[in-house]
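Take a moment to look it over before we start.

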Amino acid sequence: MAYGSLTFICGPMFGGKTTDLVRRILHARRFARHGTHLVLKPAFDSRFGASRIATHEGLAVDAVAITAMPDEARDVGEVFLDEVQFCVAPHYKGDVVEDIRDLLMCGVCVTASGLDMDSRGKPFEVSAALSAMADNLVKHRSWCSACGNPATKSQRRAAGGDRLMLGEADLYEPRCNEHWSPA
């Protein structure tokens, strides 16, 4: 059996990661490049509904909300997983990096997307591991909300709070290195 391939799409908030993922999902649906596919999202991420992945522009696809890797993921040709940084305890049972490695060993192609860093500028461990494992690493940028230059960081608008906090433009904005500060 052939080893699968891993594509990891990462970057700051508002950088187009989910738009890129949805585009790849729609392409897979149209051309069935790897046969059947499964679209997953962390159950923790309820911002756009329990069973949808949606872009800031309103493009959406149905997804299965998970707290662990479903068994049927081993039986498809391709798995798409959004917001992978949320696939950690207590929101996810197990080790998503090892689950993805297992899928790859079963010949499943995996495309995952997520934030590469938290608002404090620290890499998410899951994202760092997937970046290192990726056959194809796609790094997106956004535009700084303060000056309009390319942005690689997510700025939390209010200090404090948990490392994993769901939010949109009400809580976060993209920033360049010059205008970013840890929150």
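Is R24 buried or exposed? R24 is buried, because its relative accessible area is 18%, and buried here means under 20%, exposed over 50% and partly exposed in between (1.4 Å probe, protein chains only). This is a predicted model, in which local features need pLDDT of at least 70 and side-chain atom pairs count only at pLDDT 80 or more, while totals for chains, interfaces and linings use all residues. Residues are numbered from 1 along each chain as its sequence is written, and side-chain values use heavy atoms, with hydrogens and water left out.

**Around R24**

R24 sits in helix 1 (residues 17–31); helices (H or I, at least four residues) and strands (E, at least two) are DSSP runs, numbered from the N terminus. Its side chain makes a polar contact of 2.7 Å with that of D20. Such a contact is a pair of N or O atoms within 3.5 Å; within protein, one must be able to donate a hydrogen and the other to accept it, and residues adjacent in sequence count only if both atoms are side-chain atoms. Neighbours within four places in sequence aside, R24 is in contact (heavy atoms within 4.5 Å) with T7, I9, F80, T111, N136 and V138.

Six strands form an open sheet in the order 5-2-6-7-1-8, with parallel pairing. Its edges are strand 5 (64–66) and strand 8, each of which pairs on one side only. From one strand to the next, the twist averages 20 degrees. Helix 1 packs on this sheet, touching strands 1, 2, 6, 7 and 8, and its direction makes about 150 degrees with that of strand 1. Helix 3 (residues 125–133) lies across strands 1, 7 and 8, at about 135 degrees to strand 1. These axes are lines fitted to C-alpha atoms, for helices over the stretch in contact, and angles run from 0 to 180 degrees between N-to-C directions.

| Strands | Bridges |
|---|---|
| Strand 1 and strand 7 (residues 109–115) | six bridges |
| Strand 1 and strand 8 (residues 136–139) | four bridges |
| Strand 2 (residues 37–42) and strand 6 (residues 78–81) | four bridges |

I9 has S113 as its bridge partner in strand 7 and V138 in strand 8. F80 of strand 6 is the bridge partner of V39.

How many residues of strand 1 (residues 6–11) are buried? Six of its six are. In a regular strand the side chains alternate between the two faces of the sheet. Here both faces are covered, with L6, F8 and C10 buried on one side and T7, I9 and G11 on the other.

**Loops worth a look**

F14 lies in the loop between strand 1 and helix 1, with a positive phi near 65 degrees although not a glycine. At 25% relative accessibility, F14 is partly exposed. The loop between strand 6 and helix 2 holds E83, another residue that is not a glycine and has a positive phi, about 50 degrees; E83 is buried, at 10% relative accessibility. P90 is found in the loop between strand 6 and helix 2 (96–105), and a cis peptide bond joins A89 to P90, with omega about 5 degrees.

**The whole chain**

Three helices and twelve strands make up the secondary structure. Buried residues are 49% of the 183 in the chain.

Technical notes: Two strands pair if DSSP finds at least two bridges between them.
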